[in-house]
Amino acid sequence: TSAMYGISKVMKELQEEANDIVEYTENMNEFDAYLRAADTACYSANFVEFSAAKTKPEKFFEDARTETGLMRGAMDRMASEIGL
């Protein structure tokens, strides 16, 4: 399982604390999309060497790194919405 298992549930519970619930929810949805993209990239990196694809695992890891950076931005914006 992912180390981020359950994070969506926690973010949903914190939603009630947000100053601007619409802004918080938009950032929460962005965070979720980035998390799924990063998870998919890492998963793909594990199996790309055994497929017909020409992509190297490093490309998938770089994509995952980019997505986690975007996740951090969304998390920072959510944190500011709840006063952290």
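**Figure 1. Overall fold of the predicted protein model.** Along the principal axes, the C-alpha atoms occupy a box of roughly 50 × 20 × 15 Å. Of contacts between residues at least 6 apart in sequence, 61% link residues at least 24 apart.

Figure 2. Buried residues make up 26% of the 84 residues of the protein.

**Figure 3. The largest nonpolar core.** Ten residues form this core: Ile-7, Met-11, Ala-18, Tyr-24, Met-28, Phe-31, Leu-35, Met-71, Ala-74 and Met-78. Helices H1, H2 and H3 (57-81) each contribute at least two residues to the core. The greatest contribution comes from H2, which supplies four residues. In soluble globular proteins, nonpolar side chains tend to be buried together.

**Figure 4. Surroundings of Phe-31.** Phe-31 is one of the ten residues of the largest nonpolar core. Leaving aside residues up to four places away in sequence, Phe-31 touches Met-4, Ile-7, Met-11, Met-71, Ala-74, Met-75 and Met-78. Among these partners, Ile-7, Met-11, Met-71, Ala-74 and Met-78 are listed with Phe-31 in the largest nonpolar core.

**Figure 5. Gln-15 in the loop between helices H1 and H2.** Gln-15 is located in the loop that joins helix H1 (7-14) to helix H2 (21-47). This residue has a relative accessible area of 12% and, being under the 20% limit, is therefore buried. When residues up to four places away in sequence are not counted, Gln-15 is in contact with Ile-21, Tyr-24, Thr-25 and Met-28. Two of these partners, Tyr-24 and Met-28, also belong to the largest nonpolar core.

**Figure 6. Arg-65 in helix H3.** Arg-65 is situated in helix H3. Its relative accessibility is 53%, which is over the 50% limit, so Arg-65 counts as exposed. A separation of 18 residues in sequence lies between Arg-65 and Phe-47, and their C-alpha atoms are 18 Å apart in space.

Definitions and conventions:
Residues are numbered from 1 along each chain as its sequence is written. This is a predicted model: local features need pLDDT of at least 70, side-chain atom pairs count only at pLDDT 80 or more; totals for chains, interfaces and linings use all residues. Side-chain values use heavy atoms; hydrogens and water are left out. Buried means under 20% relative accessible area, exposed over 50%, partly exposed in between (1.4 Å probe, protein chains only). Contact means heavy atoms within 4.5 Å. A nonpolar core is a set of buried Ala, Val, Leu, Ile, Met, Phe, Trp, Tyr and Cys residues joined through side-chain atoms within 4.5 Å.
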